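My notes follow in the order I looked things up.

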Amino acid sequence: MWGLELKEKLKSTQVHALNQPDGAGVDTLGCSTGGKSRYHRIKFKPKSNRCSSASVRKALLPHGLPRTALLEPTIDPHLKPINFIETLADVYGRLETCLESEKSLISIEQYSILGGLGDPKMMRRCLRAARQHALDVHSKVVLSAWLRYERREVGLEGISPIDCSGFLLECPKATLESGYEPSSIFDNCKCVKMPDRSIDRQIFSGNESLSMEEDSAVVCFSVGNVEINCLRPKIASLSCTFKAMLYGSFLESKMEKIDFSKSGISVEGMRAVELYSRTRRVDLFSPQIVLELLSFANWYCCEELKSACDAYLVSLVGCLDDALILIEYGLEERANLLVASCLQVFLRELPSSLYNPKVMQIFTSFEAKERLASAGHASFLLYYFLSQVAMEENMVSNTTLMLLKRLAECATEKWQKALSWHQLGCVMLERKEYRSSQYYFEAAVETGHVYSLVGVARSKYRQGQGNSAYKLMNSLISEYKAIGWIYQERSLYRIGKDKIADLNTATELDPTLVFPYKYRAIARAEEKQIKEGISEIDRIIGFKLAPDCLELRAWLLIAIGDYENALRDIRAVLTLEPNYMMFHGKMSGDHLIELLGHRVQLQSQADCWVQLYDRWSSVDDIGSLAVIHQMLENDPGKSLLRFRQSLLLLRLNCRKAAMRCLHLARNNSDSEHERLVYEGWILYDTGYCEEAVVRAEKSILIQKSFEALFLKAYILADTKLDPESASYVIQLLEEALKCPSDGLRKGQALNNLGSMYLDYGTVDQAEKCYKNALEIMHTRAHQGLARVYFLRGCRKAAQDEMTKLIEKAHNNASAYEKRSEYCDHDTVKNDLNVATQLDPLRTYPYRYRAAVLMDELKETEAVEELTKAIAFKPDLQMLHLRAAFYEAMGDLSSALCDSQAALCLDPNNKDTLDLYNSICSCTTDQED
């Protein structure tokens, strides 16, 4: 993690370092402020007249305050098995025992199940596994394009859809090659290094006069009044059809002149056939003649000629316009490779190609799907990819609906039908077509997808059948174990205290559900307790950043006249979603910022740098995002600001928004060495570590900069932990600190360097780094300094150091968690409880409490402690620990299930693999 000690990677959310500002920012921030802020808030004096104040709020809130009656939770469009852990274990078990040819599809099933967790790394791992085991060209094309889409490479300027990024996994040329070599799929692609093997040639137009030696085997083909002399054995070798015609019992076998006028081929085309029969080359002809040869080959079953034409035409597909023209020929002539090449362009242009009507005509209608099927290019995989992109772009569009219908038509397995029907239900519900949504949700339920009953209930409720919806949810609660989303859904159909009771139960079972917090906050606001409503929504914003929650808080802040903090939240919303519409989609966020700008004094760019320094030092990530948003208004093309924005978003686990900002930083970069650094971070964040290091090294060769050295050091520290690598990382960070950078960046590098020194055993050097970082207000260095004191046996000093971090940090759940390591038993318990209350997604407190209970021989309570957390956060470490508990208790079947589920999340985790093998051995011994 970029902003945490390297030892804490498995315990905490990823934290990235910040980038240096421009020259003015360095002058402002480079010197020490002695811990005192030079930033002063400036506000307009409020008018004393109450009517004037009310009129201001009315202008800012033209649509009034939010109402609970209009609030409703969204239905998750992903598969959501009610027995999630058991489902994961089953998928892993099948992956272990299935045939190689089945692994690709099972990996896609795994992708669909893990989709609800929202972890991009897990999703990419599934797609890579599917691509690795893909057998046919069609699957390779779709999966390679899907992987490229997940990296959002389409947003990078100067990159064509058919450009090779250097990864065999995504290479557009490798996808069109037949063959199956899963062991080499992660190799670097060689095509970008290969020399251009194209040769200069004179294009044959069909008018050339061809000489031929006189031979008794000559046969003449006439097309109109033109005669073309051909060698009979050469033409016969083109296909069985010609062989039978020229050497069989047909009349043509005895004829020296054959009339081909009605065959549909032109004179130029027939001359090309003759030349091909002797040279076996089609690259001598113009594209128009090759297309004619393709049709001729199909008509006379010339498979070799067809393949040659197919391959040649593939080389002509260079852009979307080429693909739109050539795919029609490919579909007409069933040239599978040509169709695949054209599809590849369409898919690698997503999402922009969704808005091209000509492209969508190829996919959306039933007849279009049948045409693709005739060429071997209509599949569940294809429509799964297309429909997911369409749903991300516009849930209620006709394109999305038609693609999902095609997806359902391609579904053959149970999970495929469940997914397609459920997503169709979600789309129909958003389109307010409630009868149709009920039909599709019920179809999904029939496949065994219990979660779709939520959609059935919602559809009935919208049709005025509230009592029926309530009974449906009641039956779910009676039949299944307590699950948060069931109580959340039932709350919609209850009123008063019963409704609040269900919402509280939902939060207790699953504190990550957003709707209960929003409902309680708005309910307080309706009771004129707006500040209490803000406190309620603060609870979830503290650990789960969502635009709708920030919008709600801004809404309530405006209502109490706190325009400065409302502006902060709206800027954060627009950072996450630049086109976000406020107040139920009735006002653009930019317009609301403009209105609030009349009530809050905007800062100069220099003041913004100072303010950003203060927000960063107090670990106020939302405030930092807001400051950067304002700075980008003044300088929208500043790549350094976009980069800083992306790093904050990564720490807040907003990966999609972070990748968008990182792409903008790369596109707006002023120099080659800067662009290479941003590309390196993009590659690292999408799992291509080696390639990211190469980008850093190229940047260093051009100009030795802080950013390039820091990038290389960070990646090496994250991927190589041996002593030799650690020593090299230390050298890189020391070299980086010699380069120009601002206080924020130096603080980050010093903190990381201190962590490396500790890992290397040089405690004194580490202490020096942490203290230097604190001098320039890098607050997180308190954590590293506490570790130094602890290693020296000074637990009280370590505890005090963490207390300082808790007092300074705006977001301090991790600080409470870390302080617990240096406290006595009672304080440990209190600190971990506070950490869980502030951020229930942190897994260490649950694991610690469970381990303590297990040590006290309270096995059932220990398992329950983990189980309640696994219910809303299926985590590798918690599943591993519970599996170990089950093994110790002798419950091998439960231990096996948990270990398999954990490996489904990360199949390469060595500790879990060892545990899994141990459990399997014990199971085998019991059976024997």
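I started at Lys-528, which sits in the loop between H24 and helix H25 (530-541). Helices here are DSSP runs of H or I with at least four residues, strands are runs of E with at least two, and both are numbered from the N terminus. The phi of Lys-528 is near 65°, a positive value in a residue other than glycine. I then checked its cover: Lys-528 counts as exposed because its relative accessibility is 74%. The cut-offs are under 20% relative accessible area for buried, over 50% for exposed, and partly exposed in between, with a 1.4 Å probe and protein chains only.

Before going on, I noted that the model is predicted, so local features need pLDDT of at least 70 and side-chain atom pairs count only at pLDDT 80 or more, while totals for chains, interfaces and linings use all residues. Residues are numbered from 1 along each chain as its sequence is written, and side-chain values use heavy atoms, with hydrogens and water left out.

**Other backbone notes**

I looked up Met-777 next. Its phi is near 65°, positive in a residue other than glycine. Met-777 lies in the loop between helix H39 (763-775) and helix H40 (781-791). Is Met-777 buried or exposed? Met-777 counts as buried, because its relative accessibility is 14%.

I also found a cis peptide bond from Leu-350 to Pro-351, with omega near 5°. Pro-351 is in the loop between helix H13 (336-348) and helix H14 (357-363).

**Strands**

I turned to strand S1 (residues 218-223) and strand S2 (residues 226-231), which run antiparallel and are joined by 6 bridges. Strands count as paired if DSSP finds at least two bridges between them. Val-219 has Cys-230 as its bridge partner in S2. Cys-220 has Asn-229 as its partner in S2. The hairpin of S1 and S2 has 2 residues between the strands, and Gly-224 there takes a positive phi near 70°.

S1 also pairs with strand S3 (residues 257-259): 3 bridges join the two, and they run parallel. On that side, the bridge partner of Cys-220 is Lys-257. I noted that S1 is mostly covered, with 5 of its 6 residues buried.

**Salt bridges**

How many salt bridges does a search of the whole structure find? The search finds 53. A salt bridge is a side-chain nitrogen of Lys or Arg within 4 Å of a carboxyl oxygen of Asp or Glu.

I looked at Lys-369 and Glu-409, which form a salt bridge with their closest N and O atoms 3.3 Å apart. This pair links distant parts of the chain, 40 residues apart: Lys-369 is in helix H15 (residues 366-374) and Glu-409 in helix H17 (residues 398-410). Lys-369 is buried, with a relative accessible area of 7%. Glu-409 is partly exposed at 35% relative accessibility.

Then I followed Glu-679. Its side chain meets that of Arg-675 in a salt bridge (2.3 Å, N to O). Salt bridges that share partners join Arg-666, Glu-672, Arg-675, Glu-679 and Arg-695 into one network.

**A charge without a bridge**

I checked Asp-510, in the loop between helix H23 (496-509) and helix H24 (514-526). Asp-510 is buried yet has no salt bridge; Lys-80, the nearest side chain of opposite charge, is 6.2 Å away. For charge, Lys and Arg count as positive and Asp and Glu as negative, while His and the chain ends are not counted. Leaving aside neighbours within four places in sequence, Asp-510 is in contact (heavy atoms within 4.5 Å) with Gly-484 and Phe-872.

**Last look**

I finished at Ala-869 in helix H45 (residues 859-870). Ala-869 counts as buried, at 0% relative accessibility. Beyond its neighbours within four places in sequence, Ala-869 is in contact with Tyr-846 and Met-878.
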